[in-house]
Amino acid sequence: MRSTFLSLPAALTGVLLLTACETEQADGPSAQPPPSGASCDGQPSHAPHPSLPGKAAEQEREAVRITGYGGGSRGCALFEVTHTGSEPHTYTVTFDLLSDAGAVLDNTERTVAGVEPGRTVSGRIELGESMAGPQNVSRVRIAKVRSVPADEAPSTTGPCPASGLRVYADDGDAAMGLRVVSVHLENCGTRPYSLHGYPDVQLLDEGHEPVDGVRILHDGGSVAGGTGADGPALPLVLEPGEGAWAGLVWRNTVQAGTPVNAPYVRVRAKSGADWVTVVPELDLGTTGKLGIGPWKKREEEPQDRPPSSP
């Protein structure tokens with residue numbers, strides 16, 4: 001008989017103690033912090049590793065670890081992010097919700113903003129909010145961890161950054177090996193903002209080190225046409241509330257050589273602007289090139305890009 005998530009806490013013993021010397025609860029709706037006592041629906045949480053089900057590699061990855069599970073009608077999984085770097089970082093963690101057989105039933109993402117050096121921040125995943133539902137989830141696995149410097153984190157909502165600009169990337173489109181991701185810029189300040197040309201970009205690998213051997217080509221059409229990331233670079237003036245976009249275009253073709261992956265891209269609107277680090281997960285294959293489109297006003301964004309792949 002398949003065991004359910006609600007039977008899981010019965011197999012665990014003790015009360016979860018978050019024992020790091022400097023442990024905080026993550027703030028904001030994206031982090032889903034546990035209340036005092038680290039429980040779900042008022043039910044006590046249960047023991048951390050080694051009593052957690054699943055492989056050790058599923059429970060801890062880079063700076064993140066799953067610390068226990070809580071009971072209640074909804075159920076939750078508890079996790080911690082411990083930052084050992086020298087400057088504050090914002091973490092985005094993807095979790096897989098697994099069945100008894102190890103099949104992925106659903107996945108969810110949590111963002112923990114501005115973790116200070118030497119700090120541990122705790123959060124939780126509400127299993128009752130997933131499509132799978134707590135009755136079907138046997139365990140949770142850390143699928144992917146991404147982090148960016150807190151002062152370079154993308155911004156889509158909340159207070160306007162000091163620069164007066166919001167910069168972020170969308171989820172992109174993919175079809176037949178062609179990839180297109182848009183970098184978006186919004187003038188949330190009080191003054192007009194001028195643009196002329198292409199965004200500056202720097203490619204970084206999983207270790208946040210520069211990626212060499214990739215040509216940055218001005219004009220997305222140099223990789224593929226029909227994406228909208230082509231045409232001349234024209235001068236723009238963005239009034240407060242207006243936005244612009246620029247396309248990143250590449251192919252993930254793999255032939256001879258070692259495939260190149262660059263999960264992080266540092267972007268700035270123009271020379272002298274603040275850098276922002278986005279995470280478009282560039283799988284550049286062995287093509288050795290990335291096309292960058294010119295800045296265009298938001299209303300010019302194409303509606304007929306290649307359809308997203310499943």
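Predicted model: local features only at pLDDT ≥ 70, side-chain atom pairs only at ≥ 80, totals over all residues.
In β4, the residue bridged to Ile66 is Phe79. Residues are numbered from 1 along each chain as its sequence is written, and side-chain values use heavy atoms, with hydrogens and water left out.

A few terms first. Strands (E, at least two residues) and helices (H or I, at least four) are DSSP runs, numbered from the N terminus. Two strands pair if DSSP finds at least two bridges between them. Buried means under 20% relative accessible area, exposed over 50%, and partly exposed in between (1.4 Å probe, protein chains only).

- Strand β2 (residues 60-61) pairs with β3 in the antiparallel sense, over 2 bridges.
- Arg61 has Val64 in β3 as its bridge partner.
- The hairpin of β2 and β3 has 2 residues between the strands, and Glu62 takes a positive phi near 50° there.
- Strand β3 (residues 64-70) is mostly covered, with 6 of its 7 residues buried.
- On to β4: β3 and β4 run antiparallel and are joined by 6 bridges.

**The aromatic pair**

- What describes a pair of aromatic rings? The distance of the centres and the angle of the planes do.
- Phe79 belongs to strand β4 (residues 76-82) and Phe95 to strand β5 (residues 89-98), so the pair ties together parts that are 16 residues apart in sequence.
- Phe79 counts as buried, at 1% relative accessibility, and Phe95 is buried too, with a relative accessible area of 0%.

**The β6-β5-β8 sheet**

- This is an open sheet of 3 strands in the order β6-β5-β8, paired antiparallel.
- β6 (104-115) and β8 stand at the edges with a single partner strand each, so one side of each is left without a neighbour in the sheet.
- Neighbouring strands here are turned by 15° against each other on average, direction ignored; axes are lines fitted to C-alpha atoms (for helices over the stretch in contact), and angles run from 0 to 180 degrees between N-to-C directions.
- β5 and β8 run antiparallel with 10 bridges between them, and Leu97 stands opposite Val140 in β8.

**β11 and its partners**

- β11 is mostly covered: 9 of its 10 residues are buried.
- β9 runs antiparallel to β11 with 5 bridges, including Leu165 with Asn187 in β11.
- Strand β10 (residues 173-175) is joined to β11 by 3 bridges, again antiparallel; Ala175 has Leu178 as its bridge partner in β11.
- Strand β16 (residues 243-251) pairs with β11 in the antiparallel sense over 9 bridges, and here Leu178 has Arg251 as its partner in β16.

**The disulfide**

- A search of the whole structure turns up 1 disulfide, meaning a pair of cysteine sulfur atoms within 2.5 Å.
- Cys160 and Cys188 form it, with sulfur atoms 2.0 Å apart, and the link is right-handed, with 75° about the S-S bond.
- Cys160 sits in the loop between β8 (139-149) and β9 (165-169) and Cys188 in the loop between β11 (178-187) and β12 (193-195), so the pair ties together parts that are 28 residues apart in sequence.
- At 31% relative accessibility, Cys160 counts as partly exposed.

- Another open sheet of 3 strands runs in the order β13-β18-β19, with antiparallel pairing.
- Its edges are β13 (200-204) and β19 (276-278), each with a single partner strand, so one side of each is left without a neighbour in the sheet.
- The twist averages 25° from one strand to the next.
- β13 and β18 are joined by 5 bridges, and Leu204 has Tyr264 in β18 as its bridge partner.
- The charged end of Arg146 sits over the ring of Tyr264, 5.9 Å from its centre; for that, NZ of Lys or CZ of Arg must be within 6 Å of the ring centre and within 35 degrees of the ring normal.
- Lys270 lies over the face of Tyr193, 4.4 Å from the ring centre.
- Arg266, in strand β18 (residues 264-268), counts as buried at 18% relative accessibility.
- The side chains of Arg266 and Glu152 are joined by a polar contact of 2.7 Å (a pair of N or O atoms within 3.5 Å; within protein, one must be able to donate a hydrogen and the other to accept it, and residues adjacent in sequence count only if both atoms are side-chain atoms).
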